[in-house]
Amino acid sequence: MSAGRNLDEGRLVAAAQRGDLDAFNELVLAYQDRVYNLAYRILGDPAAAEDATQEAFIAAYRHLSTFRGGSFLSWLMRTVANRCYDELRRHKRRPAVSWESFGEMDEEANPFLVNGHPTPEEAAQQAELARFLQAAIVALPPDQRIVLVLSDVEGMNYQEIADTVGIPVGTVKSRLARARARLRDLLQAQRELLPRAYRLEDED
Amino acid sequence: MLGKNRARERVDEWLSAYIDGALSPREQARLEARLAQDAALRARLESLQRTVALVRGMPSVPAPRNFLLTPAMVRQTAPVARRLAPALTFATAISGLLCVILLVGNLIAAGPSRLGAAAPAPMAAYEETPQMLETGPTEAKKAPPASETALPEEGLLSRAATATEPPAPEMRAWSEGTPSPIEAAPFPPDMGGVGGGAAPGPPPGEPPTPTPEMTPSEMARVAIAEGTPPAITVAEPTPVPVPPEMPGGKPPLPPTSWLPVGGLALLTAVLAIFSLRAWRAR
């Protein structure tokens with residue numbers, strides 16, 4: 001987990017801990033894409049992800065005194081992951097993009113379109129795949145979903161995930177395995193919806 | 001079926017950990033040996049690897065707007081709790097103090113009368129009366145039967161007439177449920193029923209049977225022996241003595257005087273709960 005751009009993280013964090021809001025806002029600008037992406041992947045709903053991101057930054061500023069060094073980004077990601085996890089548990093939030101409604105989803109609702117760099121055809125294919133994957137991820141049970149996102153989207157290791165979610169490492173391993181297997185089964189079951197280049201073969 | 005699913009889950013767990021490089025060297029060697037022999041297991045691993053690769057390759061979703069904090073947002077740090085917690089604590093303390101002061105005041109004001117009230121006056125009178133009228137060693141030591149305790153005047157009158165004679169039929173009739181004129185006669189509440197058995201005159205239409213010289217002297221003797229003032233008034237046809245448990249004749253506090261104490265106690269409890277929650281919210 002590394003910073004999105006070069007910045008004197010230590011100095012900014014120290015200044016923010018002394019109450020310098022401008023210094024903290026520099027950190028916000030540096031990390032807001034990462035934080036929002038994580039919130040969106042876990043919650044599956046753009047509006048909820050915005051709320052969670054804003055609340056996570058406010059909570060991080062309020063509790064800066066509890067930050068004891070190390071990677072500020074990791075600490076921040078744990079903060080937002082915890083908020084999303086609480087949100088999922090509290091409201092049993094249903095994702096805006098459901099697996100069932102994937103087939104008839106509006107193209108404009110796809111947030112990945114803004115990320116399209118390749119040729120128009122590739123971009124369209126990538127966007128379709130991304131929508132498909134996001135729909136599959138939010139179809140996972142929340143416990144499995146958050147572990148999958150923290151591992152395969154955020155690149156956290158087992159121990160970091162265990163610390164963030166507050167579960168043993170063994171539970172992280174089993175939940176992650178179940179999440180991946182379930183996602184694989186979903187992709188195999190609906191492979192005709194995937195772009196041809198990305199279709200999984202059924203091993204059975 | 002369940003065992004098969006569990007076995008598949010175990011295999012997926014191994015494959016997932018293998019993808020992350022999280023198996024021990026020994027476990028990894030065992031799995032690789034199996035993979036070399038089992039084509040279906042290899043296909044399973046490949047599909048899982050492909051799935052993980054797809055997720056890891058998902059493009060990042062950029063933030064739709066800036067999430068810069070403003071001083072107003074930061075000032076919102078638990079505003080209500082932060083302001084209210086000390087005020088609520090102070091209010092709790094004041095309310096609790098007032099409650100204690102009021103309670104102590106009430107206890108002081110009602111202390112003696114409350115002590116008297118601890119043994120209800122009618123019962124005290126019933127316990128006293130047989131002792132005061134005790135003339136013989138017979139059944140007087142025993143607790144009087146319910147009918148006697150219910151109508152102590154029966155014992156008084158009958159013993160006053162003759163110490164050994166059974167009560168007159170009319171008296172027995174009273175004890176057997178016929179409403180006594182004494183019961184029917186209203187008494188002031190502060191008598192507490194003490195004189196209910198001592199003061200009344202004979203039933204209407206019947207001349208008073210007791211010999212006035214006998215009963216008071218007997219009663220005085222008994223009373224002196226017990227160290228209490230002679231309850232001459234008991235035998236007098238005039239009303240009832242003031243119960244000895246109420247020195248000074250202080251009336252008990254009316255129940256309404258305890259209402260403010262209860263109200264303040266309730267208020268203190270509610271304030272304490274709110275102030276606890278406010279401190280936690282900080």
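The side chain of E55(A) meets that of R83(A) in a salt bridge, at 3.6 Å from N to O. E55(A) belongs to helix α3 (residues 46-62) of chain A and R83(A) to helix α4 of chain A, so the pair ties together parts that are 28 residues apart in sequence. R83(A) also counts as partly exposed, because its relative accessibility is 31% and the buried class requires a value under 20%.

Helix α4 of chain A spans residues 72-91 and contains E87(A). E87(A) has a relative accessible area of 15% and is therefore buried. Its C-alpha atom lies 9.1 Å from that of A48(A). In sequence, E87(A) and A48(A) are 39 residues apart.

A second salt bridge within chain A joins R34(A) to E154(A). The closest N and O atoms of R34(A) and E154(A) are 3.1 Å apart. This pair links distant parts of the chain, 120 residues apart. R34(A) sits in helix α2 (residues 21-43) of chain A. E154(A) sits in the loop between α6 (142-153) and α7 (158-165) of chain A. The two partners fall into separate accessibility classes. R34(A) has a relative accessibility of 24% and so counts as partly exposed. E154(A) is buried, because its relative accessible area is 6% and the cut-off for burial is under 20%.

Within chain B, R56(B) forms a salt bridge with D20(B), with 3.0 Å between the closest N and O atoms. R56(B) is in helix α3 of chain B and D20(B) is in the loop between α1 and α2 of chain B, so the bridge ties together parts 36 residues apart in sequence. R56(B) is partly exposed, at 43% relative accessibility. D20(B) is partly exposed as well, with a relative accessible area of 26%. R56(B) and D20(B) also belong to a salt-bridge network that includes D152(A) and R180(A). Over all chains, a search of the whole structure finds 13 salt bridges.

The contact between the two chains was examined next. At the interface, 38 residues of chain B are in contact with 49 residues of chain A. The buried area is about 4000 Å², and carbon and sulfur atoms give 63% of it. V61(B), F67(B) and L69(B) supply 18% of the area that chain B buries against chain A, more than any other three residues.

Four salt bridges are found across the interface of chain B and chain A. R184(A) forms a salt bridge with D12(B), the closest N and O atoms being 3.5 Å apart. Three helices of chain B, α1 (2-19), α3 (39-56) and α4 (71-75), each supply at least two residues of the side that touches chain A. The largest share of that side, 11 residues, comes from α3(B). By residue class, the side of chain B that touches chain A divides into 21 nonpolar, eight polar and nine charged residues.

Elsewhere in chain B, N106(B) is found in helix α5 (residues 79-118). Its relative accessibility is 12%, so N106(B) counts as buried. Beyond its neighbours within four places in sequence, N106(B) is in contact with L253(B), S257(B), W258(B) and V261(B).

The mean pLDDT of chain B is 67, and 46% of its residues reach 70 or more. Confidence is highest in helix α2 (residues 25-37) of chain B, at a mean of 95, and lowest in helix α7 (residues 146-150) of chain B, at 42. The pLDDT is below 50 over residues 115-212 of chain B, a stretch with 91 contacts in the model beyond near neighbours in sequence. Residues 230-235 of chain B also stay under 50, and the model has 17 contacts for them beyond four places in sequence. Where pLDDT is low, the predicted coordinates should not be read in detail.

Technical notes: Residues are numbered from 1 along each chain as its sequence is written. Chains are lettered from A and ligands numbered from 1 in the order in which they are written. This is a predicted model: local features need pLDDT of at least 70, side-chain atom pairs count only at pLDDT 80 or more; totals for chains, interfaces and linings use all residues. Side-chain values use heavy atoms; hydrogens and water are left out. Contact means heavy atoms within 4.5 Å. Buried area is the accessible area (1.4 Å probe) that two parts lose on being put together, summed over both. Helices (H or I, at least four residues) and strands (E, at least two) are DSSP runs, numbered from the N terminus. Ala, Val, Leu, Ile, Met, Phe, Trp, Tyr, Cys and Pro count as nonpolar, Asp, Glu, Lys and Arg as charged, and the others, Gly among them, as polar. pLDDT is the predictor's confidence in each residue, from 0 to 100. Buried means under 20% relative accessible area, exposed over 50%, partly exposed in between (1.4 Å probe, protein chains only).
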